[in-house]
Amino acid sequence: MHENELWYSYKMGDVKALEGLYEQYYHPLTNYGYKFTPDRIYIEESMQDLFLKLWQNRERIAHPAAVKQYLYHAFRRILLGRLELGPSRHDGELAGEHIPFNVNLNCAHPLLRRERMEALAAHSTTLLTHLTNRQREAVFLKYYEDLSYEQVAEIMYMTVAGARQLVYHALERLRGQFGNFTLLLLLCILKRTGM
């Protein structure tokens, strides 16, 4: 069943549809959660809170423009609240920079031989440490999760222009370190490995 059909059925009180959404988004959301914290308990409790709140508030929750964006936004808000890392009230590029976002590359990528991939992954991981936490998160959401700038902005509590600027500055920083060809390869690896 498509996520919009699941959402509609869940809103009509179908618990199986809610279970379908849970099954569809469990791994992507927990993967996203591990970028903020290694604590499995916080992530699992946040997932439980998210789906419990969805069920309890199903009559009040409107149909979102994008179910994926809504679930990421809600999960992020719950997890950061649990970690006591709520959104910053300050405007500007560094707003929310106190929120950690960690990225690890997988060395078992099929595009390259293992030895080359290990070297590239190590180099790429080092490169990603040059990005700010918010830049890493924005690049993850934009290029790994295939979200639009509007969706990235909503999830990260920022304007669309701010999301575009954040990704642009991240890519410029990466381009300055590695050049265009390696940047494209890095983005391909991030897409395939789950970052």
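Residues are numbered from 1 along each chain as its sequence is written, and side-chain values use heavy atoms, without hydrogens or water. Because the model is predicted, local features need pLDDT of at least 70 and side-chain atom pairs count only at pLDDT 80 or more, while totals for chains, interfaces and linings use all residues.

The largest nonpolar core holds 46 residues, among which Y32, L50, L54 and L141 touch the most other members. Such a core joins buried Ala, Val, Leu, Ile, Met, Phe, Trp, Tyr and Cys residues through side-chain atoms within 4.5 Å, buried being under 20% relative accessible area with a 1.4 Å probe and protein chains only. Two or more residues each come from α1, α2, α3, α4, α6, α7 and α8 (helices are DSSP runs of H or I, at least four residues, numbered from the N terminus). The largest share, eight residues, belongs to α4. Beyond its neighbours within four places in sequence, L54 is in contact (heavy atoms within 4.5 Å) with W7, Y10, L18, I61, Y70 and L71.

Turning to the helix pair, α1 and α4 pack with axes 9 Å apart at about 65 degrees, which makes them roughly perpendicular (65 to 115 degrees; axes are lines fitted to C-alpha atoms over the stretch in contact, with angles from 0 to 180 degrees between N-to-C directions). Here E3, N4 and W7 of α1 meet V67, K68, Y70 and L71 of α4.

Finally, K53 lies in α3 and is partly exposed at 42% relative accessibility (the class between 20% and 50%). Leaving out neighbours within four places in sequence, K53 contacts I61 and I78.

Methods: Parallel < 35°, antiparallel > 145°, perpendicular 65-115°, else oblique.
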